[in-house]
Amino acid sequence: MVLLDIEQLELDLFRGQSPDERANQRVFGGQVIAQALVAAQRTVSEDRICHSLHAYFIRPGDPKVPIIYQVDHARDGGSFTTRRVVAIQHGKQIFNLAASFQVPEESWEHQHNMPEAPDPETLKGLRERRLDIADQVPESIRHEFTRERDIEMRDVSPLDLFNPAPASDSHQVWMRVARDAGDNQALNQCLLAYASDMSLLGTGNRPHGLTWFDPKLMSASLDHAIWFHAPVKFSDWHLYVMDSPFAGGGRSFNRGSIYNRDGKLVASVAQEGLMRQKKRKN
């Protein structure tokens, strides 16, 4: 993914770009997470793998200008390495991330089983479903709405975007990168981090019959955390199992478990998102 090929400007200083097709939108949160993780990885020994990251979205990103990533070497220990990354635009922080890396080691193991889900081959892809309803979308966003994505997604229980009924907060999405990503763990983790911000924010909307097309809804990611548990090969299908145990105070709390097709839990995700009713203009 070209998006992750950030440019090194100086020691611990990097520059990332946004895709041209997002010129009229704010920067996608998964992009900033993934690019910040790439920046952190570039300063860490290759024998260390990211096991967790915690991030805060501070300001909306401007897709028309580059994002500068500044890496701070918080700690280099015998087994663990910690990095802090600040993303800057227009002279202000828009995002910050703390990531911890570890030398792989053997230990006791257990995990919850992957829940039952229909095979991804039996489900319609995101683009296919969007093409079916493209005529209901304003022409100004139709190209962006129906374009091919780098991440393939197949929702087990999609909502009707225009007339959603209240639904369970628990839902599942199959996802994978749409091209061969090889076996490099640093790259596969960044791709998974990018995709982890897809669908999760909308999880808290489901019980209220809301989608991002609803003019009453103001929605944005506030923070995001990922714990990597096992090696990732994101060219293969992974099941993203999500739920939202709480919403209130203008926020929703959403969490996810990501399994590979063999049922191995490879990552856990948690996120708090803005879920606010827009105020009417007088």
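## Before you start

What you're looking at is a predicted model, where local features need pLDDT of at least 70 and side-chain atom pairs count only at pLDDT 80 or more, while totals for chains, interfaces and linings use all residues. Residues are numbered from 1 along each chain as its sequence is written, and side-chain values use heavy atoms, with hydrogens and water left out.

Domain 1 puts 25 residues into the contact and domain 2 puts in 24, with contact meaning heavy atoms within 4.5 Å.

About 2,200 Å² is buried between domain 1 and domain 2, and carbon and sulfur atoms give 62% of that. (Buried area is the accessible area, with a 1.4 Å probe, that two parts lose on being put together, summed over both.) What about polar contacts across the interface of domain 1 and domain 2: how many residue pairs are there? The rule finds eight, both residues being at pLDDT 80 or more. A polar contact is a pair of N or O atoms within 3.5 Å; within protein, one must be able to donate a hydrogen and the other to accept it, and residues adjacent in sequence count only if both atoms are side-chain atoms. On the side of domain 1 that touches domain 2, α1 (29–41) and β3 (49–57) each supply at least two residues. The most comes from β3, with nine residues. Helices (H or I, at least four residues) and strands (E, at least two) are DSSP runs, numbered from the N terminus.

UniProt, in an unreviewed entry, lists residues 142–274 as "domain: Acyl-CoA thioesterase 2 C-terminal". UniProt positions are given in the numbering used here, feature names are shortened, and annotations may be inferred rather than shown by experiment. Over residues 142–274, the chain is 12% helix and 41% strand, with 25 Å between the end C-alpha atoms.

## Salt bridges

A salt bridge here is a side-chain nitrogen of Lys or Arg within 4 Å of a carboxyl oxygen of Asp or Glu. Another joins Lys 124 and Asp 132, whose closest N and O atoms are 2.5 Å apart.

Asp 150 pairs with Arg 179, at 2.7 Å between the closest N and O atoms. Asp 150 lies in the loop between α3 (139–146) and β7 (151–155), and Arg 179 in the loop between β8 (171–177) and α4 (185–195), so this pair ties together parts 29 residues apart in sequence. There's also a network of salt bridges linking Asp 119, Glu 121 and Arg 261.

Most residues other than glycine have a negative phi. His 90 isn't a glycine, yet has a positive phi of about 50°. You'll find His 90 in the loop between β5 (80–89) and β6 (92–102), and at 61% relative accessibility His 90 is exposed.

Ser 199 isn't a glycine either, and has a positive phi of about 75°. Ser 199 sits in the loop between α4 and β9 (217–228). The cut-offs are under 20% relative accessible area for buried, over 50% for exposed and partly exposed in between (1.4 Å probe, protein chains only).
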